[in-house]
Amino acid sequence: MFTETPFIRKKRRNEVIAKFFFGGMAAAMVIPLFLIVGYIVIQGWPSISWEFLTENPRSGGAKGGIWAAIVGTFYIVFFSLAFSAPIGVLAAVYLNEYATENWFTRIVNLAVINLAGVPSIVHGLFGVGAFVYFANFNNGKKSIIAAALTLAVMTLPVIIASTKEALAAVPRQFREACWNVGATRWQTIWKIVLPNSISGILTGVILQVSRTAGETAPVMLTGVATYKLLDSTGLFLYHPITDQCMALSMHLYYIATQANNVPHSTPFAIATVLIGVVLIVNAAAISFRVYLRSRKKW
Amino acid sequence: MSKEPTEVLSPALAVPIARRGQAAVLGERVIEGLVYLCGISAIVFVFGIFFFVFKEGAPFLAKLDFKEFFFSKEWIPTSSVQPKYGIGALIVGTLSVTTLAMVIAVPFGLGAAIFVSEFCTGKTKETLKIVIELLAAIPSVVWGFIGLSVMSPVIIAVFHVPVGVNLFNAAMLLALMSVPIMVSMGEDALKAVPDSYREAGIALGATRWQLVYRVLLPAAKNGLLAAVLLGVGRAIGETMAVLMATGHAVNIPDSIFDPVRTLTATIAAELGETSHGSPHYQVLFLIGVVLFSITFVVNLAADFIVKGIKRK
């Protein structure tokens, strides 16, 4: 029969303490998140209405809605992913399918890691130097295209990393079978590797939608105006090259810190919309990933 | 019957091997060239970032007094009489916010990583990982807004201090923001410890806690260090949250409830008001070069530590 010595009892007790201690640490990170997000949503909810979402801001943002900011964010996200997704996917194809293990590949990988670590504000400075003044899309003024390109450079390393992971998940035998029937490297990639990893690649790209939508510092230097008075409430409010736009993230910053006579709940409502967009996009990407994992055939 | 080898090798039999048209071969070459170009784009962009940020700031280097630039705490760039460009106080601001954030985030981040990796399984584990991923997705401007409108009144009420936007507020936000990356990197590091280590420990009668303390932490310490470094890199580079929550006053802090200002927030707040090519504009780009260099070193260090483990 097993008898419990004091030593074993102490051991067990420490085990329980450790479990609760570490669990508490995890909880201490997660619970405040729920409380804070809940508080913001409760404070912002009274302001959120159909009119709030579909009207343009008026009186310096104090009245009206946030339509112009929503459309601006959409423009920036769309154009930035239009650049970063193809380049990032092809770069990952190069690193995973073509590159051999040597010093050059090592440097490319190092560059990807470092690009991911560059502070967002430095990306913004780069955007000012390279896209606003050097490429000069809009005569030395900020423009949507400059902001989109800046964010494209910023999201590139993340898209490369997630795509590489998706490509690496395709078993090597798939490629070997394809090569054996005489397909070239590119035919193998195009007909076998990409179709089998497209869902993983898409998940990575979708996650960048929310990152791009929330980014503030780089776009406020390169293409986003604090406030614009617009009459139209259509979809085509801006010209991508000659216009600056409003954006949800920047609008929140402006309303929370600089605008006057704003009702108390307005910034909370903008934050709620921003959090909502980000969480919906992320939840979609995550459930997509879980679904794909469950029906994986190999 | 005599063999006729020439018949076997006749061109008629060789034909079925499909020949691809020259256009197809050429097209493939072009695509592969494109793939290669995209592949090296990361290198191009890293150099491009350094080049363009440095290029915009470089004209000021001739007039720059390095000692004053790095050590003077007088940042008065808009003075029309005698502007002063000392980023000493800003560096102290960045370092103090980052340090305090790490003091809070490292135990919590690594503790949560240990919990996720070693103490929970199945559904709990998946749920926790997803929640932490969502934590990472909240935009920094929302964090800044949280600091401004939620944390600030709480800090005033709890600690009885006059201003709620200060060093402590920003450090709390940065801690929450850098925890996700620490948890995911830390979990990877713990996962990289071979299971045979765990099995050996359990076979000797060790509890989970003893296993973590005596086996896993020593075995994974490089990976955990890299996780912390990545968190540091993220905290140094964070802009909007610190811009909104530090109080944004050029100040060497005496206590954790003093307002400070960071390098990143200074660029974000002031670049829009400078004119292209003015000394103030150039100095802000030089601050960008300083920031780029700091994070470059931190990320490189983290990468070397991680690669060191993989080689073992």
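Helix axes in these exercises are lines fitted to C-alpha atoms over the stretch in contact, and angles run from 0 to 180 degrees between N-to-C directions. Helices (H or I, at least four residues) and strands (E, at least two) are DSSP runs, numbered from the N terminus. The model is predicted: local features need pLDDT of at least 70, side-chain atom pairs count only at pLDDT 80 or more, and totals for chains, interfaces and linings use all residues. Residues are numbered from 1 along each chain as its sequence is written, and chains are lettered from A and ligands numbered from 1 in the order in which they are written.

**Exercise 1**

Describe how α1(A) and α11(A) cross, and list the residues that make the contact.

Solution. Step one is the geometry: the axes of α1(A) and helix α11 (residues 265-294) of chain A come within 7 Å and cross at roughly 125 degrees. Step two is the class of angle. Under 35 degrees counts as roughly parallel, over 145 as roughly antiparallel, 65 to 115 as roughly perpendicular and the rest as oblique. α1(A) is therefore oblique to α11(A). Step three is the hand: α1(A) passes α11(A) in a left-handed crossing. A crossing is left-handed if the near helix is turned anticlockwise from the far one by less than a right angle, and right-handed if clockwise.

Step four is the contact, where two residues count if their C-beta atoms, placed from the backbone, lie within 7 Å. From α1(A) come Val37(A), Ile40(A), Val41(A), Gln43(A) and Gly44(A), and from α11(A) come Ser265(A), Phe268(A), Ala269(A), Ala271(A), Thr272(A) and Ile275(A). By class, these are seven nonpolar, four polar and no charged residues. Here Ala, Val, Leu, Ile, Met, Phe, Trp, Tyr, Cys and Pro count as nonpolar, Asp, Glu, Lys and Arg as charged, and the others, Gly among them, as polar.

**Exercise 2**

Solution. The crossing is left-handed. Val112(A), Leu115(A) and Ala116(A) of α4(A) make the contact with Leu156(A), Pro157(A), Val158(A), Ile160(A) and Ala161(A) of α6(A). The residues of this contact divide into eight nonpolar, no polar and no charged.

**Exercise 3**

Find which residues of α7(B) meet α9(B), and state how the two helices cross.

Solution. Start with the axes: those of helix α7 (residues 122-137) of chain B and α9(B) come within 8 Å and cross at roughly 140 degrees. The two helices are therefore oblique to each other. α7(B) passes α9(B) in a left-handed crossing. Next, Ile132(B), Glu133(B), Leu135(B) and Ala136(B) in α7(B) meet Pro180(B), Ile181(B) and Val183(B) in α9(B). The classes here are six nonpolar, no polar and one charged.

**Exercise 4**

Which residues of α11(B) are buried, and what covers them?

Solution. A residue is buried if 20 or more other C-beta atoms lie within 10 Å of its own, exposed if 12 or fewer, and partly exposed in between, with C-beta atoms placed from the backbone. In helix α11 (residues 208-219) of chain B, the buried residues include Trp209(B), Leu211(B), Val212(B) and Leu216(B). They lie on the same side of α11(B) because they cover an arc of only 135 degrees around the axis; the arc is that of the directions from the helix axis to the C-beta atoms. The cover includes α1 (6-44) of chain A, together with α6 (88-119), α9 (167-191) and α10 (195-203) of chain B.

**Exercise 5**

Describe the side of chain B that touches chain A.

Solution. First, 70 residues of chain B are in contact with 70 residues of chain A. Helix α4 (residues 41-57) of chain B gives the most to this side, with eleven residues. The side divides into 48 nonpolar, 15 polar and seven charged residues.

**Exercise 6**

Solution. Ser59(A) is found in the loop between β1 (57-58) and β2 (63-64) of chain A. Its phi is near 50 degrees, a positive value in a residue other than glycine.

His248(B) lies in the loop between α13 (240-245) and α14 (263-270) of chain B. Phi of His248(B) is near 55 degrees, also positive in a residue other than glycine.
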